[in-house]
Amino acid sequence: MWYEKIPFYAPSNLSEALALCQELPDSALLAGGTDLLVQLRDPNDKVKALINIAGLPELQTIERLGNTVRLGAGVTFSRFLQQGADFFPPLTEAVRQLASPSIRNKATFGGNIVNASPAADTLPPLYAADAVVILQSIHGKRRVGLADFILGPKRSALQTGEILIQIEWHVPENYIYYYRKIGTRRALALSKVSFCGLYLPEDKTIRLAYGAVGPTVMRALAAEARFSKGDKESLLAEVTEMVQPINDQRSTADYRRFLCRQLTSEFLTRIS
Amino acid sequence: MHQETINNPKKSSEPIGLRLKVNGQWYSPRSAPTTRLLDFLRRELGLTGTKEGCGEGECGACLVLLNGEIVNSCLVLLGQCAGQEVTTIEGLDAQVIQQAFVDVGAIQCGFCTPGLIIATYALLQRNPRPNREEIQQALAGNLCRCTGYQKVIKAVQVAADQHGRG
Amino acid sequence: MQKANKTSLQYVGKPIARVDALDKICGRARYVDDLTMPGMLYGYTIRSTRQRAKIISIQFPALPADVVGVTAKDIPGKNYVALFNTDQPLLAEQVVNYIGEPIALLAGPDMEILKELANQVQIEYQEIPSIDNLEESLVGNKPPIFGQDNVFKSYAYIKGNPAQAFATSPTVISGTYRTGYQEHAYLETQGMLAFPYQSGVKIIGSMQCPFYIQKGIAPPLNLPPEMIVVEQAVTGGAFGGKEDFPSLLAGHVALLALKTGKPVKMIYDRHEDILCTTKRHPSRTIHRIAFDQQKRLTALAVDIVLDGGAHSTLSQVVLARSALSAPGVYRWANINLQARAVATNQVPTGAFRGFGAPQAFFAIEQQMNHAAYRLGIDPYQLRKINLLREGDATATGQVLKESVGVEKALDAVVNKTDFVQKYWNYRQQNSQTGKRKGIGLAAFFHGCGFTGKGEELIKATATVDYLPSVGLVIRIANVEMGQGMATVLRQVGAEALCIPLERTHILGPNTAEVPNSGPTVASRTTMIVGGLIYQCCLDLKQQIGMAAEAANFAGVAAQKLNPDEHISATRHYRVPPDVVWDEERFVGDAYPVYSWGAVVVEVEVELLTYEVTVTKLTAAHEIGKAINPILVEGQIEGGSLQGLGYASLENLVSHQGQLQQVTLTDYLIPTILDTPEIEPIILEEPYSLGPYGAKGVGEIPFVGIAPAYVGAVENALGTEFFEIPLTPEKIYRQLHTHTEDRS
């Protein structure tokens with residue numbers, strides 16, 4: 001591969017990694033590599049160095065304290081399924097259906113988020129949970145809402161010198177969830193549509209998040225607001241109005257819009 | 001160059017320091033740390049039993065064990081394996097599984113076979129008595145275009161039974 | 001041919017483990033990319049980025065001393081790859097006709113440098129209006145790609161009086177059926193290694209047909225064929241994809257090897273392989289069938305068009321099989337058939353398991369499924385009424401004298417699945433939520449061996465040697481590509497001579513060492529080549545004075561032969577004298593014999609999403625004799641799943657000449673989680689001229705899956721479908737834009 005000639009850095013802790021990251025603006029952070037190394041097959045890629053952050057101890061947090069879940073960006077999907085499967089079941093379902101076992105052994109939460117794919121499997125549950133990402137550089141840390149962090153396909157608010165170190169969210173009390181990924185086949189499939197719905201019975205609100213039907217994963221905030229009015233049809237119309245699916249090599253815009261309606265409707269039926 | 005200004009980075013275009021264990025033996029690779037593990041195994045060590053079917057983690061022909069876990073060696077860089085243990089089909093002690101694949105007829109063109117055997121080995125290490133669903137889940141990253149997978153599933157079941165007896 | 005007494009068989013009919021299994025499970029089997037040679041260079045191909053254009057100029061960047069670049073100007077001989085026609089250039093010279101067409105080649109020691117240099121090659125084009133698809137090709141308002149009318153080949157015939165039959169029949173069923181591209185997706189991509197050898201060149205690689213390569217690239221290399229030595233490496237799947245395409249690739253590496261004087265290896269990555277190697281022909285079939293009051297078929301009118309892509313390659317023979325399969329497994333008095341393969345500015349299409357038959361059977365079997373619905377009869381009964389049986393004549397007038405197992409196969413799958421009961425039960429479903437079940441049926445044949453005069457033209461030759469110290473050595477050009485031929489043919493040899501399997505050997509296919517027993521295609525290896533080996537073995541017996549039935553060959557040979565002496569026998573395939581085919585009139589015996597099959601697919605359709613889950617696939621195939629049942633099951637299971645992929649999810653489309661799914665991330669084939677339980681049923685109606693009664697099995701498992709699958713979805717949803725792959729997107733589109741709901 002062309003990138004055999006570029007340097008490889010193996011920092012042994014986060015502060016080394018942050019220093020490297022600051023010094024090498026044209027470098028790429030390598031964690032699980034399951035997306036990055038596919039992208040680097042393009043010989044026109046301009047990456048000048050790789051900084052390996054897989055396994056950095058500071059990125060391995062996996063904990064639930066009270067209702068707060070904290071996941072280090074370096075946590076692999078396999079490890080999450082072993083140690084965090086009961087934290088937030090909609091996310092667990094998404095991760096179980098993600099790619100394949102060997103990919104899940106390497107791929108990380110941080111990578112899935114930073115890659116900023118509208119079809120990223122972990123995102124709809126994390127959007128529904130109003131997750132926050134924690135970014136760190138040599139200048140300090142900042143917290144950004146996930147929906148503000150992801151700007152578009154492969155675009156995020158990550159600044160030069162920053163590393164996504166942690167994802168954090170509050171698991172609501174007594175929620176009911178519905179998660180569905182529609183792919184072309186049952187493994188190793190990118191989503192045509194993915195959907196996560198949460199119902200919070202205590203404040204009688206819902207949260208709706210859709211993957212692969214817009215430039216980013218989308219929360220249907222206007223439709224969520226209609227829930228209290230009890231008009232299912234207008235809520236569904238709002239959803240189909242909001243999503244911006246396209247025709248591509250995997251599916252069609254019409255079918256994707258139909259799926260958004262159908263899955264939302266199914267969710268509403270289940271919570272009624 | 002940027003890298004000279006930094007303290008204490010384990011940089012490494014030069015291979016010094018990078019060692020890894022492959023099939024029980026330690027190596028200090030000549031290949032750059034940004035070499036794909038797959039290329040290192042095939043080119044430098046001549047371990048050609050690990051195959052490249054797609055180069056992007058979709059087919060599983062390149063599966064190896066990294067510290068006992070299956071990984072796509074086309075998506076792992078040599079530098080990420082420092083101090084770690086790699087097992088390829090050539091170094092795998094999996095006679096029971098291999099014999100089951102032969103007896104049941106789970107092999108046709110053979111190109112996906114090493115990857116399937118690696119994945120089966122990892123499964124049975126973790127779960128010696130898998131049911132059909134668990135077998136399918138465990139081998140979901142291994143494409144096979146010849147067999148229709150029926151005999152692959154059966155081979156894993158037979159191997160599990162043999163393990164159980166042995 | 002003698003049929004051995006069933007009870008006495010020691011090897012034939014036994015589930016013997018594959019002879020190549022050990023190397024494969026240990027990772028020791030050496031595929032072409034596993035081979036290296038001292039001083040070996042890599043090769044890289046520079047391809048057209050235009051769908052159709054004149055090449056104005058080709059400008060290489062300054063090349064380092066150790067890199068060589070070649071274009072069509074460097075071809076020592078004629079610039080074509082020889083097959084049926086001479087229209088496919090080894091390297092495009094004046095024009096390019098598809099995106100991905102090879103234009104120039106580079107060879108050098110470092111692949112990454114080659115890729116960088118390839119990026120800097122400047123090619124100036126002048127666009128020509130391109131022909132996107134078969135409809136545009138038929139319209140003919142753009143400059144033709146091939147000949148005057150873009151038609152690579154056409155067949156047409158009329159039998160009886162179809163016009164009158166349609167006019168007088170009470171029921172006529174019509175439909176236009178479409179099938180898409182399919183990519184072989186063999187796990188091993190295409191690859192070749194070539195090096196100067198003696199005064200010519202030697203080629204080692206992944207292939208089905210060593211002699212096709214030799215013959216195909218002799219004209220461009222300007223070498224006598226025998227100076228091109230071709231050897232097969234272990235081949236990681238082929239399915240037809242390595243029938244004709246390897247000749248082009250072999251020509252490229254050979255050209256580079258001769259130019260540089262060094263070994264050159266070229267291995268396609270997956271993207272390149274999907275982009276520029278052959279595919280299954282997309283098709284459009286306009287179909288009409290008519291029935292009388294008794295639901296007997298009276299007339300067939302069918303117009304098949306195959307999209308052959310930019311060059312003719314194998315399209316004419318693929319088309320012949322489509323035309324011969326179009327009438328299905330039924331009796332016809334009146335037929336009006338037209339079949340055409342046309343040129344488009346797309347990657348050339350070629351051989352793929354089934355070879356034109358799956359497209360034709362999709363149309364006829366869907367017609368039968370639709371007819372059953374409209375006639376208020378179940379699809380099984382309708383087929384039973386019209387089925388070909390022993391003694392009947394096929395559409396081309398071939399009288400089926402023996403080994404006609406279609407009714408047996410049909411009964412087997414129907415009984416095994418309780419088809420009729422389920423079919424009517426599922427028709428009553430009217431739930432609008434949850435899941436609906438469906439069951440579908442198809443019946444089909446596959447002609448064994450080459451179509452028409454093919455075997456006569458090839459004149460397959462096999463040789464066997466017997467050496468007391470070694471045993472039987474089989475010399476043939478056929479290849480093991482996963483299907484199990486090496487095991488099966490050794491079983492035939494061991495059985496015929498009553499010697500242990502370990503004392504039989506197959507000489508690896510190398511054109512310098514084996515006679516031309518023909519390509520490994522057309523479900524012909526077991527029946528045709530296995531038959532020659534069987535006869536050769538009988539010849540050996542005769543040479544040492546043994547009767548054909550006698551056992552103890554090794555003992556007698558040990559007495560009659562010195563330890564260093566050997567005996568040989570050679571046989572040439574002769575088409576049986578009563579097999580007569582008239583290519584011009586499309587009349588007669590299209591194949592020596594047919595394998596027959598029937599399949600039932602059971603599905604669940606989720607009404608929320610229109611996702612379809614196949615819950616069970618039951619396939620019965622009548623193949624004369626299963627020489628090795630475990631390998632036959634492997635063919636049935638693998639072919640069935642490949643067929644389900646074709647029917648349901650393998651979506652490959654071209655937009656302005658650019659294939660849209662060119663990685664295994666986008667072109668999806670079934671995984672182990674997508675496979676249903678597949679139940680193979682092997683039926684045997686021995687063929688008197690096949691070895692131990694055997695016919696072919698390599699392709700037939702694929703042939704009828706698509707209509708059985710689509711029929712099952714129709715049974716669940718009460719709607720007719722006309723196109724594969726039948727994706728949830730298409731189900732949605734049809735149910736939400738058409739109002740024609742039958743439920």
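## A strand pairing in chain C

In this predicted model, C:Gly440 has C:Val601 as its bridge partner in β23(C). The pairing to which these strands belong is antiparallel, with β16(C) and strand β23 (residues 594-606) of chain C joined over 13 bridges.

Strand β16 of chain C, which spans residues 435-447, is mostly covered, since 11 of its 13 residues are buried.

## The contact between chains B and C

Turning to the chain contacts, 38 residues of chain B are in contact with 42 residues of chain C. On the side of chain B that touches chain C, at least two residues each are supplied by α2 (95-104), α3 (113-126) and α5 (150-165) of chain B, and among these helices α2(B) gives the most, with 4 residues.

By class, this side of chain B divides into 18 nonpolar, 14 polar and 6 charged residues.

## The contact between chains C and A

Chain C also touches chain A, in a contact that takes 19 residues from chain C and 19 residues from chain A. On the side of chain C that touches chain A, the elements giving two or more residues are α2 (111-120) and α20 (728-737) of chain C, and the largest share, 4 residues, comes from α20(C).

The class make-up of the side of chain C that touches chain A is 7 nonpolar, 5 polar and 7 charged residues.

## The two domains of chain A

Within chain A, the domain assignment gives domain 1, covering residues 1-171, and domain 2, covering residues 176-271. The C-alpha centres of domain 1 of chain A and domain 2 of chain A are 25 Å apart, and the contact between these domains takes 20 residues from domain 1 and 21 residues from domain 2.

On the side of domain 1 of chain A that touches domain 2 of chain A, the elements that give two or more residues are α4 (89-96), α7 (123-128) and β8 (150-152) of chain A. The largest share of this side of domain 1, 5 residues, comes from α7(A), while the side as a whole has 15 nonpolar, 3 polar and 2 charged residues.

Definitions and conventions:
Residues are numbered from 1 along each chain as its sequence is written. Chains are lettered from A and ligands numbered from 1 in the order in which they are written. This is a predicted model: local features need pLDDT of at least 70, side-chain atom pairs count only at pLDDT 80 or more; totals for chains, interfaces and linings use all residues. Two residues are in contact if their C-beta atoms, placed from the backbone, lie within 7 Å. Ala, Val, Leu, Ile, Met, Phe, Trp, Tyr, Cys and Pro count as nonpolar, Asp, Glu, Lys and Arg as charged, and the others, Gly among them, as polar. A residue is buried if 20 or more other C-beta atoms lie within 10 Å of its own, exposed if 12 or fewer, and partly exposed in between; C-beta atoms are placed from the backbone. Two strands pair if DSSP finds at least two bridges between them. Domain bounds come from an automatic or database domain assignment.
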